[in-house]
Amino acid sequence: MGLMTSTDAALDEKAIVAAAERALADIAGIRAEVSKVIFGQEHVVENTLIAVLSGGHALLVGVPGLAKTKLVSTLGTVLGLDASRIQFTPDLMPSDILGTEVMDQDETGRRSFRFVKGPVFAQLLMADEINRASPRTQSALLQSMQEYHITVAGQRYDLPAPFHVLATQNPLEQEGTYPLPEAQLDRFLLQVDVLYPELEAERRILLETTGLSEAKASGVIDAARLQDIQALIRQMPVSDTVVDAILALVRSARPGQGNTMTDRHVAWGPGPRAGQALMLCARARALYEGRLAPSLDDVHSLAEPVLQHRMALTFSARAEGMTVRDVIAGLVKQARG
């Protein structure tokens with residue numbers, strides 16, 4: 001195998017730039033279609049799309065009625081993905097989401113087992129109120145998120161590609177819920193907080209969703225094209241400055257690393273997976289905003305959704321009324337100097 005010449009490198013660079021320009025046009029089309037249906041949640045749409053473009057899963061946290069379900073169904077249509085939805089309840093069993101074996105009998109009377117696939121066999125899965133499911137059912141879903149396959153009766157079944165889970169969680173409900181353990185939360189690339197819309201956006205919601213007809217989104221790309229864009233994002237160049245900023249930010253969020261604020265308020269901090277998430281998401285955000293390389297602003301903007309579910313406060317910090325978001329905002333302010 002010969003060494004790559006400067007001409008080959010230039011051709012590779014040109015090919016990546018050309019592919020990125022095609023992706024920019026596709027992403028602009030995706031944004032335009034989603035905005036026809038989802039009003040006033042630009043930040044939520046952006047972070048959810050960044051998670052999908054990066055090839056990961058997202059946890060959407062917000063009170064009911066903020067269009068979380070509508071966002072997921074709209075993304076399924078616009079991205080050309082086969083979408084499915086599971087409404088989690090405490091009595092839901094793993095077989096209800098993974099699938100189950102049923103016994104068939106042929107004409108000769110011979111019996112055999114046949115596997116009937118569950119709703120997890122989708123390219124875009126909405127896990128509604130995931131914290132309502134029992135730990136056993138949660139672990140079945142979260143294993144499929146990590147491994148991209150399931151095992152039933154010793155037989156392996158691969159999930160469709162791409163496979164993305166967008167899970168929702170109501171932060172107010174505590175009764176009859178099973179909070180996700182920290183190790184399972186870490187499997188979500190981003191935690192996206194869904195807040196109430198602004199006044200003008202809510203006015204538009206009232207006017208456009210209570211008439212005879214509602215706006216509908218159309219497909220822009222398909223699953224194969226989405227995978228091409230996901231592969232492109234992994235090839236985008238990242239400068240040493242941005243890599244150093246990611247490392248500095250993630251390490252500053254861990255106690256015992258010399259950051260006074262973190263040592264005082266943080267019980268445990270993010271692991272290396274947080275840095276990996278920041279690298280991927282910073283590239284995806286750059287492309288989402290029409291740029292071919294990530295900047296420091298991408299890292300700082302994504303600090304909260306990437307880090308907030310990967311760290312915990314000390315008892316004294318919680319007693320003082322501190323939140324994880326306060327700590328992350330302080331770390332970002334320090335990083336910006």
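Which side chain does D186 meet in a salt bridge? The partner is R273, with 3.4 Å from N to O. Keep in mind that this is a predicted model.

Some context for that pair. The chain splits into two parts: domain 1 covers 12–94 + 122–235, and domain 2 covers 238–336. Across the interface of the two domains, the rule finds 4 salt bridges. It also finds 11 residue pairs in polar contact there, both residues being at pLDDT 80 or more.

Now, which elements of domain 1 face domain 2? Those that each supply at least two residues to the touching side are α1 (6–37), α2 (42–53), α6 (182–185), β9 (190–193) and α8 (223–235). By residue class, that side of domain 1 has 16 nonpolar, 4 polar and 7 charged residues.

On to the extent of the interface. 27 residues of domain 1 are in contact with 22 residues of domain 2. The C-alpha centres of the two domains are 22 Å apart. The size of an interface is often quoted as the accessible area lost when the parts come together. Here domain 1 and domain 2 bury about 2300 Å² between them, and 63% of that is on carbon and sulfur atoms. Of the area that domain 1 buries against domain 2, 23% comes from D186, Q191 and I233, more than from any other three residues.

How values were computed: Residues are numbered from 1 along each chain as its sequence is written. This is a predicted model: local features need pLDDT of at least 70, side-chain atom pairs count only at pLDDT 80 or more; totals for chains, interfaces and linings use all residues. Side-chain values use heavy atoms; hydrogens and water are left out. Domain bounds come from an automatic or database domain assignment. Contact means heavy atoms within 4.5 Å. Buried area is the accessible area (1.4 Å probe) that two parts lose on being put together, summed over both. A polar contact is a pair of N or O atoms within 3.5 Å; within protein, one must be able to donate a hydrogen and the other to accept it, and residues adjacent in sequence count only if both atoms are side-chain atoms. Helices (H or I, at least four residues) and strands (E, at least two) are DSSP runs, numbered from the N terminus. Ala, Val, Leu, Ile, Met, Phe, Trp, Tyr, Cys and Pro count as nonpolar, Asp, Glu, Lys and Arg as charged, and the others, Gly among them, as polar.
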